[in-house]
Amino acid sequence: MSQYGRSTSRRYGAEKSLPDGIDSIRYILENQRGHRGRSASVIGLVKDFRAPIATRGSVDKSIEDEYESGIKFNVFRPEDEQPQVGVGDVVLVTNAKVDDWGGNTCLCTEPGKSTEIIIFPADEIPRPPTSAIHAAKPTRKLHRGKPSRAPTDAECDYVSWIYHSSNKSTLPTVSEFQQSTERSLNIRDKSSLLKNVEEGKFYDFVVQVIKEPYDQMDRTTIWITDYTEHNNFYNFAWDGSDMPGGQDGDPFGYIASRTSMESRSWPGPFGKRSMQLSCFEPHASEIRANIKAGDWVKLRNVQVKFGRNGNNMEGFLREDRNSFGGRKTVEILDVHGDEPPDELLKEAIRRKRDYEKTAKQQKKSFAAANGNKRKAEQPVDDTKLNSRQRRDARRAAKNKQLVEAETKREGLLGLNELIKSASIDEPVFPLSTIVEQVSLTTNIDGEQVQMTLPFTNARYRAHVRVVDYRPRKLHNFAVWRKATEYDMLSDGESDPDSGDDDRDTLDAFAGKKTWEWRFALQLEDAGPNAGKNGPPKRLWAVVNNPEAQYLTNMDACDLLANPEECFQLSEQLFKLWGNLQEYKEQESKAQSQSRRRLAANQAPPDSSDDENGAHQQDDASKQVAPGISNKPFACCLRQYGVEISESDPRKCNAGHGKRYQRMFGLFGTRIS
């Protein structure tokens with residue numbers, strides 16, 4: 001559909017002005033920000049048509065102005081009210097909403113709204129000055145019991161003028177138009193409700209996250225729902241007696257919620273309305289850092305298949321190597337924002353509202369039928385359970401034993417109960433094993449050669465304590481960088497050309513700043529055998545922005561300008577490292593005083609103080625200083641490598657002028 005602002009022929013008189021109440025498409029496109037969310041009315045010629053997509057009830061009609069690409073009109077209506085148009089037909093649209101679709105300005109209708117669409121078939125439009133009133137064909141006769149809006153005389157006159165005065169050389173032929181319409185039916189739309197999923201296929205969902213993300217070393221697991229039912233989903237009972245062992249995001253209630261200690265009972269929805277989703281990198285880190293229970297999200301390219309138990313369908317979100325155009329695989333939807341809401345989101349929220357009304361009534365009936373009292377727990381009779389229930393019971397018993405054993409072990413080792421780590425079923429490694437270089441024997445030119453790998457991609461659990469940290473001042477734990485267009489990318493990487501050197505220019509201080517966590521902890525082995533054969537092993541673990549958010553449950557900000565946030569951070573880290581901060585501040589103060597005395601050529605302090613200070617400094621690299629008081633804790637560590645510059649060609653194992661530097665990072669660890 002095309003709208004022309006001027007006549008290409010003088011045959012039918014001077015250029016006609018738009019009728020009252022009709023907007024120029026040119027004006028809508030040039031003022032898209034000011035018009036978004038408002039109503040608009042247009043008249044134009046159909047240039048392209050995409051057949052309705054049954055799963056979403058939408059039809060697109062592209063309109064092209066004579067000087068640029070134009071606008072798109074999306075129709076959300078039942079199939080029997082969808083417009084049927086041909087090439088060159090004139091369309092009158094009134095009370096449509098200006099919206100954003102796929103990053104482009106468009107017009108759209110909404111269910112229940114008063115948008116009117118009137119078609120004027122091209123072969124029935126008379127030549128001016130005859131009115132096109134008899135060619136008008138409304139797409140629906142009634143709206144809410146009232147007759148549809150009829151076009152005005154001025155609008156019908158304008159239809160005749162715009163059709164016969166327009167240069168139609170830019171329109172496709174009838175054959176080309178028909179081929180384009182047929183091709184539109186072959187476009188695969190992967191948007192689906194959970195109730196319609198099938199084994200082995202890929203889908204896009206708009207869903208709500210039910211449980212807090214749970215980290216499982218190589219993946220992050222969440223539970224999602226769109227409040228529709230599928231027979232192959234797990235059935236969650238109201239009384240919690242039918243909970244699936246080993247499938248819940250936190251199967252034992254062991255890790256605290258991001259905001260509070262949640263009940264072990266299933267939060268709902270009940271029945272077969274929820275699906276477990278396993279998210280792999282690079283999505284796992286993003287979900288763990290940014291998604292919480294209750295969030296509405298749009299997920300793309302989710303594979304659905306049966307899980308390990310063979311009875312229930314599960315979702316799997318992996319890296320989409322074929323994605324393009326900057327499309328995000330995981331998108332948080334704002335239900336309170338100023339932007340017009342996603343139609344699929346609105347429908348999902350309606351289903352949630354309807355479900356909660358029904359569930360509330362059913363729960364009242366359920367409670368009344370059971371005397372509104374909780375039944376006493378009865379011994380389980382294995383003879384009355386089916387095979388799946390017996391497997392779940394055995395799994396639950398094994399998980400309970402695992403938690404009890406871990407709790408007992410933590411008590412014997414005196415671990416910090418305020419620090420929780422993921423994957424408690426994974427073995428614990430001493431730091432001496434973690435820091436050991438891995439060798440590989442390979443064959444080069446027929447000879448066996450042993451090579452020491454610069455690093456390995458591995459993950460571990462360990463028992464450690466914090467003995468040092470960097471940077472020294474707490475308010476430097478958060479750093480800023482200039483916000484760039486790359487921040488919208490879903491891989492979490494910023495502009496590769498930006499860096500600290502940019503701060504030497506005034507341009508770096510212009511625009512918006514983004515604050516991120518960036519600090520490191522020196523960890524010392526606190527296992528039962530630590531220190532028996534020499535000083536306990538130590539390593540530096542980097543804590544990046546997502547993992548620091550997970551660790552502290554805080555977002556980075558300007559800590560120097562927000563002392564209350566800095567104090568809150570200090571209180572959180574006190575649970576992790578005890579009085580380490582106070583000890584390091586006193587140590588730094590003593591070192592500063594010593595340097596000032598030397599600069600002023602003053603006498604040294606008392607020998608007793610000097611001996612004590614020397615003793616502490618000499619032992620600082622061997623064992624925890626006597627003044628530090630903190631408890632060891634369980635944590636998760638990962639080993640990885642980064643490329644750094646190298647001037648020695650013999651050490652360049654990562655390409656010209658580059659070598660790999662082995663690094664360790666903290667992850668999956670939270671201060672409760």
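**Salt bridges and a surface patch**

Lys631 has a relative accessible area of 37%, so this residue counts as partly exposed, a class that lies between buried (under 20% relative accessible area) and exposed (over 50%), with a 1.4 Å probe and protein chains only. The model is a predicted one, in which local features need pLDDT of at least 70 and side-chain atom pairs count only at pLDDT 80 or more, while totals for chains, interfaces and linings use all residues. Residues are numbered from 1 along each chain as its sequence is written, and side-chain values use heavy atoms, with hydrogens and water left out.

- The side chain of Lys631 meets that of Glu417 in a salt bridge, with N to O at 3.3 Å; the term stands for a side-chain nitrogen of Lys or Arg within 4 Å of a carboxyl oxygen of Asp or Glu.
- This pair joins distant parts of the chain, 214 residues apart, with Lys631 in the loop between helix H12 (607–619) and strand E26 (633–645), and Glu417 in the loop between helix H7 (387–413) and strand E18 (419–421).
- Helices (H or I, at least four residues) and strands (E, at least two) are DSSP runs, numbered from the N terminus.
- Glu417 is also partly exposed, because its relative accessible area is 47%.

**Other salt bridges**

- Over the whole structure, a search finds 22 salt bridges.
- One of them joins the side chains of Glu343 and Lys346, at 3.9 Å from N to O.
- Glu343 and Lys346 are three residues apart in helix H6 (residues 343–369), so about one helical turn separates them.
- Glu343 counts as buried because its relative accessibility is 16%, whereas Lys346, at 22%, counts as partly exposed.
- Arg470 and Asp468 form a further salt bridge, in which the closest N and O atoms are 3.1 Å apart.
- Asp468 is buried, at 7% relative accessibility, while Arg470 is partly exposed, at 38%.
- Both residues belong to a network of salt bridges that links Asp468, Arg470, Arg472, Lys584 and Glu587.

**A nonpolar patch**

- Leu440, Ile444 and Met451 form a nonpolar patch on the surface, and together they have about 250 Å² of accessible area, by the Shrake-Rupley method with a 1.4 Å probe, where for residues only the protein chains shown count as cover.
- Patches are made of residues with over 30% relative accessible area and no salt bridge, with like charges joined within 9 Å and nonpolar side chains (Val, Leu, Ile, Met, Phe, Trp, Tyr) within 5 Å.
- Leu440 lies in strand E19 (residues 439–444) and counts as partly exposed, at 42% relative accessibility.
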